[in-house]
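Please read the following walk through one protein chain with the structure open beside the text. The overall picture comes before the individual sites.

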Amino acid sequence: MSRPDLAPQELRTLVAIADTGGISAAAARLGSTQSAVSHALRGIERKLGVVLFDRGRHGARPTAAGARAAAHARRVLRMMDALVIETRGAAHGHGEEVGGPLRIAAFRGAALHLLPAVLGRLAARHPGIEATVTVVREVGPGTAGEVAAGKADVGITILGTGSPIPAHLVGDVLFEEPYALVHPAGHPDPRSLPLVDWLENCPSSTREWWAAQEWIPSATVQAEDDGAVLSMVSSGLGMAIMPALSLTGAPATTETTDLGPDRPSRRIGYVTSPHLAATTAVRALIRELRLQHPRPVASTGRGV
């Protein structure tokens, strides 16, 4: 049986349908017609011998095979971008020219408090890089899931959450950050206050620490994100246990208290695919991330 070859435009068609959820929307993105995209999809499915999308009134939803094919197609197209940029750089005697798109998925705290300084230095050193950041909740697949699906080149992630890093990705720890108690400033007994929390706050190890602390009540208020938690605490509605990144720029109406030598912590790291890890743009980003925190904790063993 011969191996089917998909042309780059077929890969773009596949990705456009998966991203937009419909044939018509994909046609608009591609500057084509609905009939042309439908015809192209049928040709792709014939080549691969599988149904990639369930079509109906709801649009076009990827089957399990379609989701896998779209993830591979995104990665292939991304590597084609890298091929052009880095080959031209070598041809012009620039060595490893750093430029082109760089797609980053990050949880909210990292996007707000870690990446601005990192991307500022990256832009100064490599103005040809076109970085985009997508904020992703660390619930379910999280940022690592964006990388696994080919939607991001690098994910800034919280390691040790309920969702393990997919085995085909690589990554490493960047730094470890401690948790602290945050409460309304001047409160005489902050541990007596109700607990305010949000869903993606803690990895499993921190939850175990929480369970052993008899003074911590169940969450009275469940907020949407760490910004909402800080707002509620600053308004006097309760106390919270939060990591250092989330406490960056905390309102003056709040105060933090150290949780002692046994305080919990969480590990912040990055994930990428083995192929993208070799590209100059991804390597440049990782170098800047490490400069931001030059003393990472012990490696996970899957670093690049």
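Of the 304 residues of the protein, 43% count as buried. The model is a predicted one, with an average pLDDT of 88, and 92% of the residues score at least 70. Its secondary structure consists of 10 helices and 11 strands. Taken along the principal axes, the box filled by the C-alpha atoms is roughly 70 × 55 × 35 Å. Among contacts with a separation of 6 or more, 72% are between residues 24 or more positions apart.

One stretch calls for caution. Over residues 296–304 the pLDDT stays under 50, and the model has 26 contacts beyond four places in sequence for this stretch. Where pLDDT is low, the predicted coordinates should not be read in detail.

Two packed helices are described by the angle between their axes and the distance between the axes. Helix 1 covers residues 8–20 and helix 3 covers residues 34–48. Their axes come within 10 Å and cross at roughly 110°. An angle of 65 to 115 degrees counts as roughly perpendicular, and helix 1 and helix 3 are therefore roughly perpendicular to each other. On the helix 1 side the contact involves Glu10, Thr13, Leu14 and Ile17; on the helix 3 side it involves Val37, Ala40, Leu41, Ile44 and Lys47. By class, the residues of this contact between helix 1 and helix 3 are 6 nonpolar, 1 polar and 2 charged.

Helix 3 also packs against helix 2, which spans residues 23–30. Here the angle is about 105° and the axes are 8 Å apart. Helix 2 and helix 3 are therefore also roughly perpendicular to each other. Helix 2 contributes Ile23, Ser24, Ala26, Ala27 and Leu30 to the contact, while helix 3 contributes Gln34, Val37, Ser38 and Leu41. The residues of the contact between helix 2 and helix 3 divide into 6 nonpolar, 3 polar and no charged. Val37 and Leu41 of helix 3 take part in the contact with helix 1 and in the contact with helix 2.

Next comes a loop position. Thr63 sits in the loop between strand 2 (59–62) and helix 4 (64–91). Is Thr63 buried or exposed? Its relative accessible area is 17%, and because buried means under 20%, Thr63 counts as buried. Beyond four places in sequence, Thr63 touches Val51, Leu52, Phe53 and Asp54. A polar atom of the Thr63 side chain lies 2.8 Å from the backbone oxygen of Val51. A polar atom of that side chain also lies 3.0 Å from the backbone nitrogen of Gly66. By contrast, the C-alpha atoms of Thr63 and Glu208, 145 residues apart along the chain, are separated by 38 Å.

Strand 3, residues 100–106, supplies two further positions. Gly100 is in this strand and is buried, with a relative accessible area of 10%. Leaving out residues up to four places away in sequence, Gly100 touches Ile85, Gly128, Ile129 and Glu130.

The C-alpha atoms of Ile104 and Asp153, 49 residues apart along the chain, are separated by 6.0 Å.

The last site is a charged residue. Arg266 is found in strand 11, which runs over residues 265–272. Arg266 is buried, with a relative accessible area of 2%. Which side chain is joined to that of Arg266 by a polar contact of 2.4 Å? The partner is Glu177.

How values were computed:
Residues are numbered from 1 along each chain as its sequence is written. This is a predicted model: local features need pLDDT of at least 70, side-chain atom pairs count only at pLDDT 80 or more; totals for chains, interfaces and linings use all residues. Side-chain values use heavy atoms; hydrogens and water are left out. pLDDT is the predictor's confidence in each residue, from 0 to 100. Contact means heavy atoms within 4.5 Å. Helices (H or I, at least four residues) and strands (E, at least two) are DSSP runs, numbered from the N terminus. Buried means under 20% relative accessible area, exposed over 50%, partly exposed in between (1.4 Å probe, protein chains only). A polar contact is a pair of N or O atoms within 3.5 Å; within protein, one must be able to donate a hydrogen and the other to accept it, and residues adjacent in sequence count only if both atoms are side-chain atoms. Axes are lines fitted to C-alpha atoms, for helices over the stretch in contact, and angles run from 0 to 180 degrees between N-to-C directions. Angles under 35 degrees count as roughly parallel, over 145 as roughly antiparallel, 65 to 115 as roughly perpendicular and the rest as oblique.
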